[in-house]
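Hi everyone, thanks for making time today. Let me put the structure up, and then I'll walk you through it.

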Amino acid sequence: MNYHIFTLFPEMIEQGLNTSIIGKAIEKELIRLNLINIRDYANNKHNKVDDYPYGGGAGMLMQPEPIYSAYKAVVHQHKETYVNKKPRMVYLTPQGKTFNQEMAEEFAKESSLMFLCGHYEGVDERVLEEVVTDYVSIGDYVLTGGELAVMVMIDAISRLIPGVLSNKESTEYESFQDGLLEYPHYTRPYEFLGKTVPDVLLSGHHAHINKWRKEQSLLRTCERRPDLIEKASLSEDEKKFLKK
Ligand code: ADE
């Protein structure tokens, strides 16, 4: 997967993503980060990339030309990739569609993705109309820029790419797989602060363990995210269990 990220703060993303599992995936070349500093495409000697909004109002806006020049340069550098295909460009904005696991799965099918991180009060609308294919928000709150949001998206997308997670970290049984939250986990010691591990987990009886985990999943989802229960497709037995 090739990620092309257009930002005014490449060092923030570089530092944030070059560690742990995503750092290893970069080392293994399962994913590639191409960080493009929009300021390098400023068309004036002060490297200025923002200006006041027409019509007045608070704050500054990112100007369209540096973003468009940076975009054109990357498309040109990778012209074999984009010869018959418009680049998929995600603009991170609280005005976008809310990011979720299903979207992560859909983005993970691409072989390359572009991301545009906004700053200040926003970006001139004309360049957005020209380059953006997907408007995405990571939640209903306002960040100071798109950098943290793009890191969240890249983390969630990358872990779905084959080889990024080891078997140990595998995504087989986890929150959202079946639309429910994951069951609770326990490791050694057997007793901690006077609390012991549920007996069923020591029984060695896999059918009982699976049943217990499924029930815990259902109970936890009901308690913490009742909105997910409404959307999950539950079996008759599962519905009966929850009514108890
Ligand atoms: N930029 C600022 N706030 C954001 C949010 N909630 N999601 C994505 N990008 C953003």
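**A first look at the model**

The protein has a mean pLDDT of 95, with 98% of its residues at 70 or more; pLDDT is the predictor's confidence in each residue, from 0 to 100. The model also scores ipTM 0.98 and pTM 0.94. This is a predicted model, where local features need pLDDT of at least 70 and side-chain atom pairs count only at pLDDT 80 or more, while totals for chains, interfaces and linings use all residues. Residues are numbered from 1 along each chain as its sequence is written.

Now the overall layout. There are two domains, domain 1 (2-158) and domain 2 (173-243), with bounds from an automatic or database domain assignment. Their centres, taken over C-alpha atoms, are 38 Å apart. Along the principal axes, the C-alpha trace spans about 70 × 40 × 40 Å. In secondary structure, the protein has 10 helices and nine strands, which are DSSP runs numbered from the N terminus (helices: H or I, at least four residues; strands: E, at least two).

On to the ligand. What surrounds the ligand? Among its neighbours are Leu-92, Thr-93, Pro-94, Tyr-141 and Ala-149; a residue is near a molecule if its C-beta atom, placed from the backbone, lies within 6 Å of it. Strand 5 (residues 89-98) gives the most to this shell, with three residues.

By class, the shell has seven nonpolar, four polar and no charged residues. Here Ala, Val, Leu, Ile, Met, Phe, Trp, Tyr, Cys and Pro count as nonpolar, Asp, Glu, Lys and Arg as charged, and the others, Gly among them, as polar.
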